[in-house]
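Please look over the sequence and the structure shown here before reading on.

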There are 2 protein chains.
Amino acid sequence: VKVNGRHTRSIWLGDDGDVRIVDQLELPFRFVVATLRTLDDAVDAIARMRVRGAPLIGATAAYGIALAARTDGGDAALEAAAARLIATRPTAVNLHWAVRRVLGALRGTAVAQRADTALRLAAELCDEDVAINERIGEHGVNVLRQLAARNGGRPVQVLTHCNAGWLATVDWGTALAPVYRAARDGIPVHVWVDETRPRLQGALTAWELEQEGIAHTVIADNAGGHLMQRGAVDVVITGTDRVTRRGAVANKIGTYLKALAAHDNGVPFYVAAPSPSIDWSAADGADVPIEERAAREVTHVHGETADGARIDVRIHREGTNVLNPGFDITPARLITALITERGVVAATEDELAARFGRTGHA
Amino acid sequence: VKVNGRHTRSIWLGDDGDVRIVDQLELPFRFVVATLRTLDDAVDAIARMRVRGAPLIGATAAYGIALAARTDGGDAALEAAAARLIATRPTAVNLHWAVRRVLGALRGTAVAQRADTALRLAAELCDEDVAINERIGEHGVNVLRQLAARNGGRPVQVLTHCNAGWLATVDWGTALAPVYRAARDGIPVHVWVDETRPRLQGALTAWELEQEGIAHTVIADNAGGHLMQRGAVDVVITGTDRVTRRGAVANKIGTYLKALAAHDNGVPFYVAAPSPSIDWSAADGADVPIEERAAREVTHVHGETADGARIDVRIHREGTNVLNPGFDITPARLITALITERGVVAATEDELAARFGRTGHA
């Protein structure tokens, strides 16, 4: 998609052989490209959320293996690098999948070639992500087209939680891919953007949509249920960090509340789910580890002062006790369907297995 | 309840005849008492949320009539004052009730005596609020005592949304009255405090609970459903801005989402509802006006810098489109019961009428 009118991905290989990312800690205030030169850089970028979003942290981790291989391409060094990368974020399964895929492909290859091979593998994985998301857009846009037809010209009202746009992937996004496709196809769309406390990824979503010229309105996370009661939401689309084989979905904390509200108001609730997010080894939500993040994400807010300085302000008193789970589980019964690269699929074990044959990853 | 160990109300008449409030815009950072001398002061305090919470804005408005009567106690002047006060916050019905009650009592009295009479009426209304909330605490503590018995010594896990503590009333609070009562009765309680975006009234709740020495943990509004799924919540108790005669409840935006999650997880969901919050003229939620508040509450966050300065920081780009509804409607079917000053009452028209005989106010 576009930034200031120019086509941009969220991660790419620079001409100098180093990895480039869009530094998401600078958004929505400034668009800054940062460079990752080492494994440490990659680990830090994922852990501090300079990059985030399940598909993008997978891609970043794949590049992280390549950066590690520059220093030491031996099996032990790469296994250690893999362990460090995987430990950064426990919930998104794409991270695990991407690292294992690159390591698997390197096994038995000459150590001296591994850095180059891994860079190529990471680039392939990125291109695949883009292709997957483009297909999610194509399948998902049919959902929006049908709603538009029913709406008689009024914009389709989409509610989304967190950021599952191109910044969460390599390009296109997952939940937002159908929205971007719809805009290109001339289907009128308006997006309700959950601000998504505590990390306020809604600001990323709003920034993306603004860059693409798509109508949107930011709301507090508390507001979505009320909007659905008032008939102001036609469809909810979110991304996912992990889909269990029975169709439960781990996603950003608060997704479950929106799924409940959608169900209570007869609003369809879709999850855009690329197959690398499917975890065949997890039966249900209880099998998914839920990341607990730092209290500071709740007690402090990062923003811009009237002078344009960027600072953290404290919103709770020092010593306030906080719990900050990063994700929750939406049970399959609340999900209308999963929008995958192979079509719109019911969130059931049978349908997932029929469409993907348990081939995603173990 | 106590502030720094000293018994304090949220509003009172000073020895100098002016009205004193706890300035809630200064909390949780500083405890500041402010003075209201004029009708303008009272209108401003309610509109800017120096005072907030349905019962307390009712009390403040009652004092506002008294302050207006000091300048001009004539019928026309008082009606104009009433209109200004009522227009500040449309959703909480207590405001309307309190103003009409004071005006009704002044009708036919000598104009010269009205300022004094109104001050007395406002003080009476405050004392009534305290007595009502104390009784809500007595009835509500039975709910907590039963849960404690079931818990075998583990603390009762209460989740609350917004601030319905003593700061939202004259004293005791509504939703927190049972919690304060439980603490005094030796029933172990821990409170999950929703931060309550956009205005972060959870910081007020956390501050209150800290002053009273009650265990609590602040969470993002998104987290409550996850906690209920994990079995970490025994009961939800909220306050209300308006109860319709059929038992639907208007309360702080996001309450409905927690009610859905409670229902989905078999967690009892109680609303602490003093009778001045019952609107017999409203049948259902559709009859309750929902206040829309300024976009700035969403785009900016107020907090403290590392240097101890208090500032607003912008979290979204200039020009970001925002919708900021202040309240939502929780349907009666999701409410286990209302905790009123006359006991724990089913959220139905028959039960409400049986207990209160439609005598609250028209």
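## Basis of the model

This is a predicted model, in which local features need pLDDT of at least 70 and side-chain atom pairs count only at pLDDT 80 or more, while totals for chains, interfaces and linings use all residues. Residues are numbered from 1 along each chain as its sequence is written, chains are lettered from A and ligands numbered from 1 in the order in which they are written, and side-chain values use heavy atoms, with hydrogens and water left out.

## Chain A as a whole

Chain A has eleven helices and 18 strands, where helices (H or I, at least four residues) and strands (E, at least two) are DSSP runs numbered from the N terminus. Along the principal axes, the C-alpha atoms of chain A fill a box of roughly 60 × 55 × 45 Å.

Of the 362 residues in chain A, 65% are buried, a term for under 20% relative accessible area, with exposed meaning over 50% and partly exposed in between (1.4 Å probe, protein chains only). Among the contacts in chain A with a separation of 6 or more, 75% join residues 24 or more positions apart, a contact being heavy atoms within 4.5 Å.

## Cavities

Rolling a probe the size of a water molecule over the atoms shows where empty space is left. A search of the whole structure finds six cavities of 30 Å³ or more; on a 1 Å grid over the protein atoms alone, a cavity is a set of points where a 1.4 Å probe fits but cannot get out, and lining residues have an atom within 4 Å of a point. Grid points are joined across faces, edges and corners, and a volume is the space filled by probe spheres set on the points.

The largest cavity has a volume of about 220 Å³ and is lined by 23 residues, with Arg52(B), Gly53(B), Ala54(B), Asn163(B) and Asp241(B) nearest its centre. α2 (54–71) and β11 (249–252) of chain B are the elements that give two or more residues to this lining, and α2(B) gives the most, with three residues. The second largest cavity holds about 190 Å³, and among its 22 lining residues Arg52(A), Gly53(A), Ala54(A), Asn163(A) and Asp241(A) lie nearest its centre.

## Two buried residues

Ser10(A) sits in the loop between β2 (6–7) and β3 (11–13) of chain A, and it counts as buried because its relative accessibility is 0%. Beyond its neighbours within four places in sequence, Ser10(A) is in contact with residues including Arg20(A), Leu56(A) and Trp166(A). Ser10(A) and Ala168(A) are 158 residues apart in sequence, yet their C-alpha atoms are 7.9 Å apart in space.

Thr196(B) is found in the loop between β7 (189–194) and α7 (202–211) of chain B, and it is buried, with a relative accessible area of 0%. The side chain of Thr196(B) reaches the backbone nitrogen of Cys162(B) at 2.8 Å, and a polar atom of that side chain lies 2.8 Å from the backbone oxygen of Asp194(B). Leaving aside neighbours within four places in sequence, the residues in contact with Thr196(B) include Asn222(A), as well as His161(B) and Lys252(B).

How values were computed. On a 1 Å grid over the protein atoms alone, a cavity is a set of points where a 1.4 Å probe fits but cannot get out, and a pocket is an open set with protein on both sides within 12 Å along at least five of seven lines; lining residues have an atom within 4 Å of a point. A polar contact is a pair of N or O atoms within 3.5 Å; within protein, one must be able to donate a hydrogen and the other to accept it, and residues adjacent in sequence count only if both atoms are side-chain atoms.
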